[in-house]
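Here are my notes on this one, jotted down while going through the model. Have a look at the structure and then at the points below.

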Amino acid sequence: LQRAGIEAEIYEAQPATDDQAGSFLNVAANGMDVLTTLGLGDQLFAEGFPCSRMIMWSSNGKRLGEVLNAGAQDPDATSVIIKRTVLHRIVRNEAMRQGIKIAFDKRLTDIHVAADQRVTANFADGTTATGDLLIGCDGIHSRTRQFVLPDAPAPVYTGLVSAGGFAQSKNLAPTPYTQHFVFGKRAFFGYLVKPDGEIYWFENHDVPGEPRRSELAAIAQAEWREKLLNLHRDDQPFINDIMRTTEGE
């Protein structure tokens, strides 16, 4: 927007930055094209994990196949797997360097569109922001969408809950340019090992009903660990080894 000559401001609901929030994500090749255009590609490659292929395995270690994790038009292009907090920091620092305003603790309570089509965002702290255009980048439970399209379909629970974390291992070899996925007997598991031995991992498992976020947040770390170890007890042993060496919340 700034490159197009549009003065932009960012209003963030969270009270401050959180360097421990979130897990990691795969910035696909087309996303890397955008970030490279903005001058941020080198930083992502330096701090992330370039990944050009994904290998699928069965629970007993049989190789099922391989999928390219690159651009459809350019097989040499690659994606980058990176911690969400690192991606946030890189983009946030560049916005601040360019003088783009970022205001924290701004929880949206209402949107008003005037007769001249200028839009005003009202926040819980009593402040407002007015401009020609409002863009809601506030996720699957977007409050912006609720105000603009109140009759839009709500998100639907898929029946899956995800967990994940970061671990350090001296036993697993690095997986250069590769992320691995295991179709376990009771749950799905994915991981990669960086050159320094750091492991990024996640798993998906079925949970009936539709648990509330507060219910999941109330489960203690030790209880989560035991649950996940049990789900993967009949899969390849290294999966439980990874989860046992994961520390923190």
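1. Start with L44, which sits in helix α2, the stretch covering residues 41-47. This is a predicted model, so read every value here as computed from it. L44 has a relative accessibility of 0%, and since buried means under 20%, L44 counts as buried.

2. What does L44 touch, once residues up to four places away in sequence are set aside? The list runs to V27, M32, L35, V80, I82, L87 and I90. As for L149, which is 105 residues from L44 along the chain, the two C-alpha atoms are 35 Å apart.

3. M243 belongs to helix α7, residues 237-244. M243 is buried as well, because its relative accessible area is 3% and the cut-off is under 20%.

4. Neighbours within four places in sequence aside, M243 makes contact with F189, W201, R225, L228, L229 and H232. D132 is another matter: 111 residues from M243 along the chain, with 49 Å between the C-alpha atoms.

5. Now the whole chain. I count on 7 helices and 13 strands, and the C-alpha trace spans about 65 × 45 × 30 Å along its principal axes. Of the 249 residues, 35% are buried. Among contacts with a separation of 6 or more, 61% link residues 24 or more positions apart.

6. Last, surface and charge. The chain exposes about 15600 Å², with 53% of that supplied by carbon and sulfur atoms. There are 25 positive and 32 negative side chains, and the centres of these two sets lie 4 Å apart.

Key:
Residues numbered from 1 in each chain as written. Predicted model: local features only at pLDDT ≥ 70, side-chain atom pairs only at ≥ 80, totals over all residues. Heavy atoms only, no water. Helix = DSSP H or I, 4+ residues; strand = E, 2+ residues; numbered from the N terminus. Buried < 20%, exposed > 50% of the residue type's maximum accessible area, 1.4 Å probe, protein only. Contact = heavy atoms within 4.5 Å. Areas by Shrake-Rupley, 256 points an atom, 1.4 Å probe, with all protein chains shown as cover. Lys, Arg positive; Asp, Glu negative; His and termini not counted. Charge placed at Lys NZ, Arg CZ, Asp CG, Glu CD.
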